[in-house]
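This briefing goes through one structure by topic. Keep the sequence and the 3D view open alongside the text.

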2 protein chains.
Amino acid sequence: MLKLKRVGIDTYGANVAFLARTCELYRPEEFQAFKTINVLDEGHSLLASLMIVDDPAIVAPDELGLSEQAFARLGLEAEHPVRIAPAQPPHSLEYLRKKILGHTLEAPQIAAIIADIASHRYAEMEIAAFLVSCAGFLTTAEMLALTRAMADAGNRLSWRAPIVVDKHCIGGIPGNRTSMLVVPIVAAHGLPIPKSSSRAITSPAGTADTMEVLARVDLSSHEMQKVVDQCGGCLVWGGHVNLSPADDVLISVERPLGIDTREQMVASIMSKKISAGSTHLLIDIPIGPSAKVRSHGDAMRLRKLFEYVGREVGLHVDVITTDGSQPIGRGIGPALEARDVMNVLACAPEAPADLREKSLQLAGALLENDPALQGGSGYARAKQLLESGAALATMNRIIDAQGRQTAAICPGNLTHEITAPRSGRVEAIDCYRINRLARLAGAPMDKGAGVDLLCKVGDPVEAGAPLYRIHACFDSDFGFARAFAQEDSGYRIGGTA
Amino acid sequence: MLKLKRVGIDTYGANVAFLARTCELYRPEEFQAFKTINVLDEGHSLLASLMIVDDPAIVAPDELGLSEQAFARLGLEAEHPVRIAPAQPPHSLEYLRKKILGHTLEAPQIAAIIADIASHRYAEMEIAAFLVSCAGFLTTAEMLALTRAMADAGNRLSWRAPIVVDKHCIGGIPGNRTSMLVVPIVAAHGLPIPKSSSRAITSPAGTADTMEVLARVDLSSHEMQKVVDQCGGCLVWGGHVNLSPADDVLISVERPLGIDTREQMVASIMSKKISAGSTHLLIDIPIGPSAKVRSHGDAMRLRKLFEYVGREVGLHVDVITTDGSQPIGRGIGPALEARDVMNVLACAPEAPADLREKSLQLAGALLENDPALQGGSGYARAKQLLESGAALATMNRIIDAQGRQTAAICPGNLTHEITAPRSGRVEAIDCYRINRLARLAGAPMDKGAGVDLLCKVGDPVEAGAPLYRIHACFDSDFGFARAFAQEDSGYRIGGTA
């Protein structure tokens, strides 16, 4: 038997095993071509990719090393004796191969693949293979099966209320932190809205990252339940309550590969929402030249897929399209976005009007689901709740219930302004570049990093006037972001002021 | 700047960088979601996947570690100062995304992808994505472009002769070591046959592995040229002369994923053959229920693809189909196969008749390309060269010219016989299981490991009589192989003896 060793290497979710080339019990090179081995002990088993080690400081000839996540997943103590064996690949890989060759899969076959992915039995390249074969084509029946399988592979929350509302925005628009306004407005009215959100993967901030500037977000499902009972709503991180974990694994490969198909998007979003236990869901599809959805035709096709899955799984879905031609609000990055949100709630004069208006529309649409409210009065009710300070009071209750952040988190101290090269009018802002810029500046890792937009589309600018300000906390990031902005600011200035 | 460190981890071709979580200059987590970073120095640059390290014995906070292959590829000394930056993904990934979404690619786009793959600028999951999107569909024009791009990405050999012959067998049949007989027969006749072969990836032996039992195979192209000048033929490892290196990268992902489409197979084989500089190529397609090609219809479609590419690139291609219903010869694994080959060349009574007969047919078909030979007399000429001892003499000249193996390599000492569970007749042998069994026994890493077949399809057997013998050199492998054979021997016994 080999002695188990925890190797201090973080492989970002993938299971990796380390074996010395001079291993006394096994011939590591024999396993290498298949890339995967099975680590075994009575009652424990783990599939892991193999790396061969030539440095006894990493693993000795009588040791088997596991990367940090793999070690945690196997659940044994260091020095525990383990065996290894050639991997018996998961049976569901056979279905994956069928899909690769263009076959349509049955629901149980998709469920088997998703169960294996959720249990980390797929290597990264097998996950990539699954995503790409689905991107090639996926029937609506397959998409529905994928949605259900992903929802089934994790926790399922349930709420003791006849109507539980939720909202989701197709991402890609910088700023756009509407959930943090919609939740307190809707909760202030009295409709339950237990919102769980994602952290950013490759974007500069997810709602969970921004909310974390104000409050704790890694609540257990029990704690989440308590906050919702007390405040009517919450803003927590979905990753901690294990909703659709297969989706998290898929996204970790999908994003760096840059695959983003309609069917995968719908399955991903709907699986999370089914798991979250809501009954009425509002989907916001921003349309714009640098948004994820670029035309009304695309938005319509996407809407129909959402409606189809919603009907099949018994979740009421409303889809609205919004302006996605430029960022929403001013700040991009957790601290800057949280500032905008609190300004809107406080009805401060510097609150961004577009963020306020869009949030009122979304909250209004959700409020229409309340049978007690007269049809068409949702928007007015939302506006009243915001202007009266009721929404702000609810937000403060939610923050306190989740655990108020005690230290103030401010925008980063390293700042640099990008200026207009000529006088004129802002004609377009490239959402993709602004997101990437805020990310390079350090968001969301550094809560204070990001971009503060000083003018928006349509605004007149003088040559030399600042277009936006980069905030960073770390020298290397500040350098990356400045270089990126200097190459192309992402702003197009045209016409005359 | 960070100090470069060589980390003693063999990542099997993939570039991996290691950065301490406590790194003083960069925030490793910021790079992690994109998985890839760019390692830079004046004039040097390398894309690598990032792993974050929590153990200062692996990398210190002021160091950047690179896996062994990545370190070699970057080409700098240890402790050399380097910078890192967010990866600028290869431009060709845009074409990959088009292909994933079902577009057809132009030849220059495919060439850009292949050039990046050959230069190790693609991560494993990006390679998987390319393979899967091609498996979905590939037009014949795309297949041709892929073939040309792969051939262009490596070395190209050239020979001063009007006719240079070559052969290739679609793999999957255990034993079947015909190249080692065809080369000496054809070379003895005087037709140049500079054969380069692969090593096994997931099979128990490639021709290069088996030839290595008898002689050195890792010759440079210059050494290869000398052997061919001297003997009229050679049997070397193609990997060392850098023919179609992109193909090697693709295969390293294709095999563990188990993707094996016609178009990829044709592009892979033809790119190697174009690079090898032959003018006349014979392709052997074995057909059988556990072979790669299962029906005559499939073989015909494959043949047409080979012929199409051959015509377009100016390489004369002949395709023959052969019996692929069971292993060819007796031994499976390098030493056992080499024994069979030398027995056939020596016309020994224990030489396997099927291996001899098939090799004569293939050699005969190749000899038909000699204008000096009367049409239809190739087979008789091959037989004459074998029976006269001329082929054996040529093989010995080739072995000496390449560098004769001085130590005798014998079948492994750990042996176990699998016996017939009942009396009857051998009805079928599962090629896939026999290959996997020989691999588990330690082939090709242990040259002496493998399987020695003691009866073949059609042979009568008594209950308890041995069907085959497992040879292993290492206890753990011996255990894996025995367990696998006991689960299912791969032999079907039926009827009466």
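B:P444 sits in the loop between α17 (431-440) and β16 (450-453) of chain B. A cis peptide bond links B:A443 to B:P444, with omega at about 0 degrees. The model is a predicted one, so treat every value below as computed from a prediction.

**Confidence**
- Chain A has a mean pLDDT of 94. In that chain, 100% of the residues reach 70 or more.
- For the complex, the predictor gives an ipTM of 0.85 and a pTM of 0.88.

**Backbone exceptions**
- Most residues other than glycine have a negative phi, and most peptide bonds are trans.
- A:P444 lies in the loop between α17 (431-440) and β16 (450-453) of chain A.
- Is B:E79 buried or exposed? B:E79 counts as exposed, because its relative accessibility is 55% and the cut-off is over 50%.
- B:C347 is in the loop between α13 (334-345) and α14 (353-367) of chain B. Its relative accessible area is 38%, so B:C347 is partly exposed.

**Symmetry of the two chains**
- Chain B superposes on chain A through a rotation of 180 degrees, with 0.0 Å of shift along the axis and an RMSD of 0.0 Å. The two copies are therefore related as by a two-fold rotation axis.
- The same surface serves both copies: 100% of the contact residues of chain B recur in chain A.
- Which residue of chain B comes closest to the rotation axis? B:M125 does, with its C-alpha at 2.2 Å.

**Cysteines**
- A disulfide is a covalent bond between the sulfur atoms of two cysteines.
- A:C231 is in no disulfide. The nearest cysteine sulfur belongs to A:C234 and is 8.8 Å away, whereas a disulfide needs the sulfur atoms within 2.5 Å. A:C231 has 5% relative accessibility, so A:C231 counts as buried.
- B:C473 is in no disulfide either. Its nearest cysteine sulfur, that of B:C410, is 10 Å away. B:C473 is partly exposed, because its relative accessible area is 38%.

**Around A:M180**
- A:M180 belongs to helix α7 (residues 179-189) of chain A. With a relative accessible area of 0%, A:M180 is buried.
- What does A:M180 touch, leaving aside its neighbours within four places in sequence? Its contacts include A:T207, A:T210, A:M211 and A:L214. A:L235, A:V341, A:L345 and A:M395 are also among them.
- A:M180 and A:A208 are 28 residues apart along the chain. Their C-alpha atoms are separated by 9.6 Å.

**An open sheet in chain A**
- In chain A, 3 strands form an open sheet in the order β17-β15-β19, with antiparallel pairing. The edge strands are β17 (460-461) and β19 (491-494), and each pairs on one side only.
- Strand β15 (residues 424-429) pairs with β19(A) in the antiparallel sense over 4 bridges. A:V426 stands opposite A:I493 in β19(A).

Conventions
Residues numbered from 1 in each chain as written. Chains lettered and ligands numbered in written order. Predicted model: local features only at pLDDT ≥ 70, side-chain atom pairs only at ≥ 80, totals over all residues. Heavy atoms only, no water. Helix = DSSP H or I, 4+ residues; strand = E, 2+ residues; numbered from the N terminus. Buried < 20%, exposed > 50% of the residue type's maximum accessible area, 1.4 Å probe, protein only. Contact = heavy atoms within 4.5 Å. pLDDT = per-residue confidence, 0-100. Pairing = 2+ DSSP bridges. Least-squares fit on C-alpha atoms with pLDDT ≥ 70 in both.
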